[in-house]
Amino acid sequence: MKKHIVVIAGDGIGQEVTAVGKQVLNRIAEKFGHEFTYDEALIGHVAIEATGNPLPAETIAKSKASDAILFGAVGHPKYDNDPSAKVRPEQGLLGIRKALGLYANLRPIKLFDELLQASSIKPEFLKGADILFFRELTGDVYFGERGRKDEGSTAYDTMIYSRYEVERIAVKAFEAAMTRRKKVCSVDKANVLESSRLWREVVQEVAKRYPDVEVEHQFIDAAAMLLIKDPRRFDVVVTGNLFGDILTDEASQIAGSMGMLASASVGDSTGLYEPIHGSAHDITGKGVANPLASVLSAALMLDISFGLKEEAEAVVNAVDQVLKAGYRTRDIADSNTPADKVLGTQAMGEQLLACL
Ligand SMILES: NC(=O)c1ccc[n+]([C@@H]2O[C@H](COP(=O)([O-])OP(=O)(O)OC[C@H]3O[C@@H](n4cnc5c(N)ncnc54)[C@H](O)[C@@H]3O)[C@@H](O)[C@H]2O)c1
Ligand SMILES: CC(C)[C@H](C(=O)O)[C@@H](O)C(=O)O
Ligand SMILES: [Mg+2]
């Protein structure tokens, strides 16, 4: 199979982990006889430095012409600590999601048994947890009207959803539930927010088309609590952009680390595959970032965009084998991990390649 992949590594550890994700894709192509060609494009802080724009037109054009995108991360401390900055790396990521119509962000919470001890949640509450989040990605307060008034002393962001935006993400969530344990939990704040009341109304309508699926509605505050109290009660979770952003960082602790959570952003055209984590300034350049979220994102690409199930499974199995062999990056090591099994980003990549 011939496929053209655009690699947008972006900022900070995005560069480090994406290099490993790409190596794994290369190995898969070699092993299974595919031809993957690559192009690179700029985004975020590195794009601002090079062009003044966090999302150069060339990046959008290359992305539109691709079969899939392997994405790293955006972000730089310079902007995090300067609320007045008008041009920001994160605009690149939001812009590309919108430009490509990537309205559905799938964030699987896959717990590898070997990492039961890496989580701060007790193993007896965790074992067997398997959740698939559908985070709406091109609406909500992220894209609503915002601004300042009263000479800058008041600021506002608008939480806004239209019926069609809720319907299309709900349909994706219900369709996925039909292939899993047939449970959907929709998360909103319908006891307070009008946009959440529309959300709940539309999800209830869509639910009628899927009588075999058991539906529950939870408020975001309760959902955040239940996720830690009893993660196994969840199968598919569907929620808006902001709530999904927050809940999935929380859910990363079920899988042991932010460095384990992959995602697929899909919608109207090409798919974008990225770890859920950011540019992690605190560890950038140290060579210790966990590359497995990028590697598992590459596996999602093989599966969802290319329909290469066997190849995707081979990648997930390789991750499993490496973990079974006891190798850990720092974020998923625990007090029982021998020092010689704690690997840096590239060494972890090499162990993975050896299993493929
Ligand atoms: N999708 C994205 O590109 C994305 C996502 C989140 C944050 N950001 C940006 O990243 C910057 C840093 O934000 P943050 O610190 O809140 O979030 P972050 O996800 O970058 O890091 C949070 C914590 O998790 C750790 N971590 C993250 N990924 C890891 C990995 N692969 N291996 C080991 N440890 C890992 C970091 O060291 C840090 O302690 C900000 O500028 C933010 O805007 C970008
Ligand atoms: C960097 C930021 C814009 C982004 C988001 O909020 O969507 C990130 O946190 C994510 O989860 O991908
Ligand atoms: Mg986030």
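Arginine 163 lies in helix α7, which runs over residues 163-178. The model described here is predicted. Its protein chain contains 13 helices and 12 strands, and the domain assignment gives domain 1 (1-112 + 258-356) and domain 2 (120-255).

**Overall form**

- The C-alpha trace spans about 55 × 50 × 40 Å along its principal axes.
- Of the 356 residues, 48% count as buried.
- Among contacts between residues at least 6 apart in sequence, 75% join residues at least 24 apart.

**Contact between the domains**

- The centres of domain 1 and domain 2, taken over C-alpha atoms, are separated by 23 Å.
- Across the boundary, 19 residues of domain 1 are in contact with 24 residues of domain 2.
- On the domain 1 side, α5 and β4 (104-110) each supply at least two of the residues that touch domain 2.
- Strand β4 gives the most to this side of domain 1, with seven residues.
- By class, the side of domain 1 that touches domain 2 has 12 nonpolar, three polar and four charged residues.

**Surroundings of ligand 1**

- Ligand 1 is surrounded by 22 residues, of which Gly75, Gly259, His277, Gly278 and Asn290 are the closest.
- Helices α1 (13-32) and α5 (89-99) are the elements that give two or more residues to the shell around ligand 1.
- This shell around ligand 1 divides into 10 nonpolar, seven polar and five charged residues.

**Surroundings of ligand 2**

- The residues around ligand 2 are Val74, Glu90, Leu93, Leu94, Asp245, Ile276 and Gly278.
- Helix α5 provides the largest share of the shell around ligand 2, namely three residues.
- The classes represented around ligand 2 are four nonpolar, one polar and two charged residues.

**Annotated positions**

- An unreviewed UniProt entry carries the annotation "binding site" for Arg97, Arg107, Arg135 and Asp221.
- These positions are spread over 125 residues of sequence and are also spread in space, with up to 26.7 Å between C-alpha atoms.
- Arginine 97 is found in helix α5.
- Arginine 97 counts as buried because 20 C-beta neighbours lie inside 10 Å, and the cut-off for a buried residue is 20 or more.
- Apart from neighbours within four places in sequence, arginine 97 is in contact with Leu102, Leu137, Thr138 and Ser265.
- Aspartate 221, by contrast, is found in helix α9, and aspartate 221 counts as exposed, with 12 C-beta neighbours inside 10 Å.

- Alanine 222 is found in helix α9 (residues 220-229).
- Alanine 222 is exposed because 12 other C-beta atoms lie within 10 Å.
- The C-alpha atoms of alanine 222 and lysine 189 are separated by 9.8 Å, although these residues are 33 residues apart along the chain.
- Arginine 163 likewise counts as exposed, with 12 C-beta neighbours inside 10 Å.
- Not counting residues up to four places away in sequence, arginine 163 touches Leu198 and Val202.
- Arginine 163 and valine 203 are 40 residues apart in sequence and 9.6 Å apart from C-alpha to C-alpha.

**Residues with positive phi**

- Glutamate 151, a residue other than glycine, has a positive phi near 55°.
- Glutamate 151 is placed in the loop between β6 (146-149) and β7 (154-157).
- With 6 other C-beta atoms within 10 Å, glutamate 151 is exposed.
- Lysine 182, also a residue other than glycine, has a positive phi near 60°.
- The loop between α7 and β8 (183-188) holds lysine 182.
- Lysine 182 counts as partly exposed because its 15 C-beta neighbours inside 10 Å lie between the limits of 12 or fewer for exposed and 20 or more for buried.

Terms used:
Residues are numbered from 1 along each chain as its sequence is written. Chains are lettered from A and ligands numbered from 1 in the order in which they are written. This is a predicted model: local features need pLDDT of at least 70, side-chain atom pairs count only at pLDDT 80 or more; totals for chains, interfaces and linings use all residues. A residue is near a molecule or strand if its C-beta atom, placed from the backbone, lies within 6 Å of it. Helices (H or I, at least four residues) and strands (E, at least two) are DSSP runs, numbered from the N terminus. Ala, Val, Leu, Ile, Met, Phe, Trp, Tyr, Cys and Pro count as nonpolar, Asp, Glu, Lys and Arg as charged, and the others, Gly among them, as polar. Two residues are in contact if their C-beta atoms, placed from the backbone, lie within 7 Å. UniProt positions are given in the numbering used here, feature names are shortened, and annotations may be inferred rather than shown by experiment. Domain bounds come from an automatic or database domain assignment.
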